[in-house]
Amino acid sequence: MKNYNVLSELPKSQLGFFPTPVVALKNLSRHLGGPDILMKRDDLTGLALGGNKTRKLEFIIGDAVSKGYDSLVTAGAQQSNHCRQTAAAAAQLGLECHLLLGGTQPEAQNGNLLLDKLFGANIHWTKQNRKGEDIPCVVNALVKQGKKPYVIPYGGSNELGACGFISAGLELATQIQDYNLSHVFFASSSGGTHAGLMLANSILNATHKLVGVQIDKDEVNTTSFKSQVLELANKTSGFLRLEQRYGLSDVFLDDQYLGDGYGIFGAPERHAIELLARTEGILLDPVYTGRAMAALIDKIKKGQLGNSKQVLFWHTGGAPSLFSYANKLDN
Ligand SMILES: *Cc1c(COP(=O)(O)O)cnc(C)c1O
């Protein structure tokens with residue numbers, strides 16, 4: 001499947017520094033006694049302390065700017081990395097930014113929330129609605145004020161966001177020469193990273209297995225996360241006029257590491273964060289990469305990666321939220 005040139009014709013805003021490095025985690029590999037572990041450092045995308053949302057936002061905000069929108073509206077959890085990177089991009093491009101954050105205003109404003117404020121974002125607290133349920137309300141109010149608001153969905157996971165991770169997958173292929181790679185592990189939570197990497201693999205005929213480590217529990221009464229990833233992958237393929245269509249069995253999500261739910265910090269996350277800090281001097285985060293790395297560590301320890309020689313962990317960022325977990329981490 002080669003006809004993905006539509007990708008290069010889409011408008012983009014340059015927000016990050018690419019390619020991000022691929023590094024070998026030699027100490028960690030030795031410590032675990034498993035396959036060689038590589039890491040794709042998307043924590044180093046460069047936009048406001050980095051992270052995977054930079055790649056999605058390059059396409060999404062590129063679209064907004066090319067169509068003359070003047071404000072961005074998006075949503076997330078209180079410690080959303082997506083919202084932090086959106087706020088920074090808006091500041092860089094001179095756009096107004098409105099963030100709908102779940103919960104209520106906390107007493108201590110730290111981590112990503114502190115940074116949202118620093119970037120001058122307008123914050124709307126939406127209690128139990130952390131996935132953008134209240135966006136139409138904010139959009140209506142902005143339109144009444146004569147603004148032209150552009151809505152970015154939760155996590156930036158639409159077709160344009162997924163395009164960011166198609167190009168990420170293509171970028172990785174240029175960085176890995178001797179192709180022994182058996183698995184790519186990453187934290188999966190709104191689906192854009194996962195859908196984009198699936199399409200990149202199809203374009204490249206790559207054979208490594210994509211292991212999305214599910215971070216957030218499936219909610220009752222909504223479609224399963226797996227079907228959401230599937231739907232996004234197929235929609236994105238159609239959007240790019242590619243022929244590839246997937247079925248549910250093409251989406252591999254591991255839901256064995258959900259712990260007590262989204263953002264709830266437990267022993268596996270702590271262990272993974274400490275291990276990476278102490279063996280490699282690399283920071284993971286409590287919500288996403290800590291959990292996904294805990295999954296990789298567990299699978300290596302249990303010998304569940306077969307006779308794999310080399311695996312890659314996609315570091316999707318998130319370290320700013322470490323500070324909002326300070327009292328849980330430091331005891
Ligand atoms: C958003 C996010 C993810 C998940 O990416 P999706 O494309 O939303 O599935 C993983 N890690 C970090 C640090 C994130 O901020």
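Predicted model: local features only at pLDDT ≥ 70, side-chain atom pairs only at ≥ 80, totals over all residues.
**Strands, helices and side-chain pairs**

User: Which residue of β10 stands opposite His183?
Analyst: Strand β7 also pairs with strand β10 (residues 310–315), in the parallel sense and over 4 bridges. In strand β10, the residue that stands opposite His183 is Val311.

User: How many of the 8 residues of strand β7 are buried?
Analyst: A residue is called buried under 20% relative accessible area, exposed over 50%, and partly exposed in between, using a 1.4 Å probe and protein chains only. Strand β7 (residues 181–188) is largely enclosed by the rest of the structure, because the number of its 8 residues that are buried is 8.

User: How far apart are the end C-alpha atoms of helix α7?
Analyst: The expected span of a helix is 1.5 Å times one less than its number of residues. Helix α7 covers residues 159–175, which is 17 residues, and should therefore span 24 Å.

User: Is Lys53 buried or exposed?
Analyst: The UniProt record, from an unreviewed entry, places the feature "modified residue: N6-(pyridoxal phosphate)lysine" at Lys53; its positions are given in the numbering used here, feature names are shortened, and annotations may be inferred rather than shown by experiment. Lys53 lies in helix α3 (residues 53–66). Leaving aside neighbours within four places in sequence, Lys53 is in contact (heavy atoms within 4.5 Å) with Asn81, His82, Gln85 and Gly155. Its relative accessibility is 10%, so Lys53 counts as buried.

User: Which residue's side chain makes a polar contact with the side chain of Asn112?
Analyst: Asn112 belongs to helix α5 (residues 111–118), and its relative accessibility of 0% is the reason why Asn112 counts as buried. A polar contact is a pair of N or O atoms within 3.5 Å; within protein, one must be able to donate a hydrogen and the other to accept it, and residues adjacent in sequence count only if both atoms are side-chain atoms. At 2.9 Å, the side chain of Asn112 makes such a contact with the side chain of Asn81.

User: Which residue meets Glu58 in a salt bridge?
Analyst: A salt bridge is a side-chain nitrogen of Lys or Arg within 4 Å of a carboxyl oxygen of Asp or Glu, and a search of the whole structure finds 15 of them. Glu58 is buried, with a relative accessible area of 5%. The salt bridge of Glu58, at 3.7 Å from N to O, is with Lys12.

User: How many residues apart are Asp216 and Arg130?
Analyst: Asp216 forms a salt bridge with Arg130, with the closest N and O atoms 3.2 Å apart. The pair links distant parts of the chain, with Asp216 in the loop between β8 (209–214) and α9 (225–239) and Arg130 in the loop between β5 (122–125) and α6 (135–144), and their separation in residues is 86.

User: What is the phi of Arg241, about how many degrees?
Analyst: Most residues other than glycine have a negative phi, and most peptide bonds are trans. Arg241 is found in the loop between α9 and β9 (253–254), and at 63% relative accessibility Arg241 counts as exposed. Although Arg241 is not a glycine, its phi is positive, at about 55 degrees.

Technical notes
Residues numbered from 1 in each chain as written. Heavy atoms only, no water. Helix = DSSP H or I, 4+ residues; strand = E, 2+ residues; numbered from the N terminus. Pairing = 2+ DSSP bridges.
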